[in-house]
Amino acid sequence: MYNFKISSVVNDYDVSFVDTFSTILTEILLEGDVIIIDSKVRKLYSKQLDTILAQVKHIIIDANEKQKSYQGLIPIIEELINGGFRKNHRLIAIGGGITQDITAFISSIMYRGVDWIFFPTTLLAQGDSCIGSKTSINFGEFKNQVGGFYPPRHIFIDLLFLETLSDLDLKSGLGEMCHYFIVAGKDDFNRYKNEYLLALKDKKILSGIINRSLEIKKGYIEVDEFDKNIRQVFNYGHSFGHAIESLTDYRIPHGIAVSYGMDMANFISVKLGYITEDIRNEIRELLEKIWQGTNLDDISLDRFKTALSKDKKNVGTELRLILNKGYGEIFKKAMTMDDQFSQWLDEYFANELKNK
Ligand SMILES: NC(=O)c1ccc[n+]([C@@H]2O[C@H](COP(=O)([O-])OP(=O)(O)OC[C@H]3O[C@@H](n4cnc5c(N)ncnc54)[C@H](O)[C@@H]3O)[C@@H](O)[C@H]2O)c1
Ligand SMILES: [Zn+2]
């Protein structure tokens with residue numbers, strides 16, 4: 001299995017693929033550690049967790065976007081302080097991206113920073129969010145508005161967790177990983193296109209694409225950890241995706257929203273003459289299999305345009321979109337929400353949301 005190190009301005013950290021998370025968890029636990037665990041995972045893996053949790057302080061949370069807010073964090077912080085948690089103690093997160101963001105954010109502010117360790121349990125968290133040190137919480141109705149960069153000390157990836165994941169969450173992970181393979185180039189895209197559906201049935205293939213996804217991301221975050229420069233290409237699909245997530249009240253999970261978002265970015269890229277319709281269709285064939293079974297019927301186009309123009313990456317009134325000039329040639333472009341752009345969005349919503 002794979003092991004590698006990520007260098008970070010905050011602290012370097014390790015990623016290890018492991019066979020039995022419960023054995024590792026037992027081995028690494030130190031006096032004073034507190035586990036923050038997703039309630040679903042707590043129930044589903046009670047066989048492996050009961051004995052451990054009987055002896056270790058733990059806080060069970062519901063993984064929803066409301067929990068990932070200031071208000072949601074207050075009872076957790078209260079419980080930590082009242083329970084005697086100290087600066088030399090560590091938090092251990094077991095869950096998906098929401099549990100990660102909550103634990104990372106609390107770790108970054110508790111006593112000006114405590115160490116944390118992560119056992120990602122969703123495909124999205126294993127194949128993407130576990131590395132890169134981003135940590136944000138939502139504010140009001142807007143997502144990921146408040147946060148910083150605060151990586152864990154160690155990430156332990158056990159593919160066992162994926163066996164209980166819903167089809168929708170598996171596809172969300174596949175959608176999220178896909179953007180790394182398009183950014184990386186044609187060879188990686190071809191590999192992904194051949195392997196991504198097989199991966200759901202074959203753990204060896206799955207661990208291979210998770211590892212490659214993290215490897216591609218590592219190449220960028222080690223150079224531009226704070227997202228000032230080259231890392232921004234990974235916002236491909238995300239401006240549109242975030243608008244979809246918030247307007248559907250998170251009914252569409254992140255990685256599926258990003259799949260729609262990549263197709264929207266490709267549609268605009270065709271309109272601007274950056275890629276051919278053929279390239280767009282080649283990518284869309286894969287994306288359609290990811291978003292299959294979902295729809296954007298409840299999204300009002302006006303609200304979608306407003307949400308896009310409020311994207312936190314925008315500068316002044318200009319949108320900052322990530323567009324496509326071909327595999328391996330994803331780039332940032334400033335655009336305005338003018339009549340032309342608005343008309344392209346009308347056209348997309350009118351004609352492009354049915355499977356081809
Ligand atoms: N910090 C980052 O770099 C980063 C990157 C991408 C996404 N995110 C954030 O991550 C969140 C999405 O992450 P996610 O998709 O992992 O979401 P999640 O944590 O909400 O998990 C999705 C669902 O799967 C359930 N679940 C978790 N593990 C399970 C398992 N093993 N078996 C069955 N069910 C399980 C959860 O209870 C939840 O219902 C969003 O809030 C997004 O903003 C953060
Ligand atoms: Zn994402």
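Which helix holds S107? S107 is found in helix 5 (residues 97-109). This is a predicted model, in which local features need pLDDT of at least 70, side-chain atom pairs count only at pLDDT 80 or more, and totals for chains, interfaces and linings use all residues. Residues are numbered from 1 along each chain as its sequence is written, chains are lettered from A and ligands numbered from 1 in the order in which they are written, and side-chain values use heavy atoms, with hydrogens and water left out. Helices (H or I, at least four residues) and strands (E, at least two) are DSSP runs, numbered from the N terminus.

**Zinc site**
- The zinc ion (ligand 2) is coordinated by E176 (OE), E176 (OE), H238 (NE2) and H254 (NE2), at 2.1 to 2.6 Å.
- Donors are N, O and S atoms within 2.8 Å of the metal (3.2 Å for Na, K and Ca); water is not among the atoms, so sites may look incomplete.
- The arrangement is irregular because the 4 donor atoms subtend angles of 54 to 144 degrees.
- Four donors count as tetrahedral if all angles lie between 85 and 135 degrees; four count as square planar and six as octahedral if opposite donors are over 155 degrees apart and all others between 65 and 115; anything else is irregular.
- The donor residues follow the spacing E-x61-H-x15-H in sequence.
- E176 in helix 7 and H238 in helix 10 (residues 238-247) link distant parts of the chain, 62 residues apart.
- E176 is buried, at 3% relative accessibility; H238 is buried too, at 9%.
- Buried means under 20% relative accessible area, exposed over 50%, partly exposed in between (1.4 Å probe, protein chains only).

**E245 in helix 10**
- E245 lies in helix 10 and is buried at 2% relative accessibility.
- Leaving out residues up to four places away in sequence, E245 touches K143, Y250, I252, H254 and A257.
- Contact means heavy atoms within 4.5 Å.

**Helix 12**
- Helix 12 (residues 277-291) has 15 residues and reaches 20 Å from its first C-alpha to its last, close to the 21 Å expected.
- The expected span is 1.5 Å times one less than the number of residues.
- A kink of about 30 degrees is centred on E285.
- The bend at a residue is the angle between axes fitted to the seven residues ending there and the seven starting there.
- Its buried residues are R280, I283, R284, L286, L287, E288, I290 and W291.
- Their cover includes helix 7 (167-184), helix 8 (186-195), helix 11 (254-271), strand 10 (319-324) and helix 14 (339-351).
- G293 follows helix 12 and has a positive phi, near 90 degrees.

- Strand 10 is largely enclosed by the rest of the structure, because 6 of its 6 residues are buried.
- L319, L321 and L323 are buried on one side, and R320, I322 and N324 on the other.
- In a regular strand the side chains alternate between the two faces of the sheet.
- Strand 10 runs antiparallel to strand 11 (residues 330-335), joined by 6 bridges.
- Two strands pair if DSSP finds at least two bridges between them.
- L319 stands opposite M335.
- The two strands form a hairpin with 5 residues between them, and G326 in the turn has a positive phi of about 130 degrees.

- S107 is buried at 0% relative accessible area.
- Beyond its neighbours within four places in sequence, S107 contacts L91, G113, V114, W116 and Y150.
- S22 sits in helix 1 (residues 21-28) and is buried at 13%.
- The C-alpha atoms of S22 and Y250 are separated by 31 Å.
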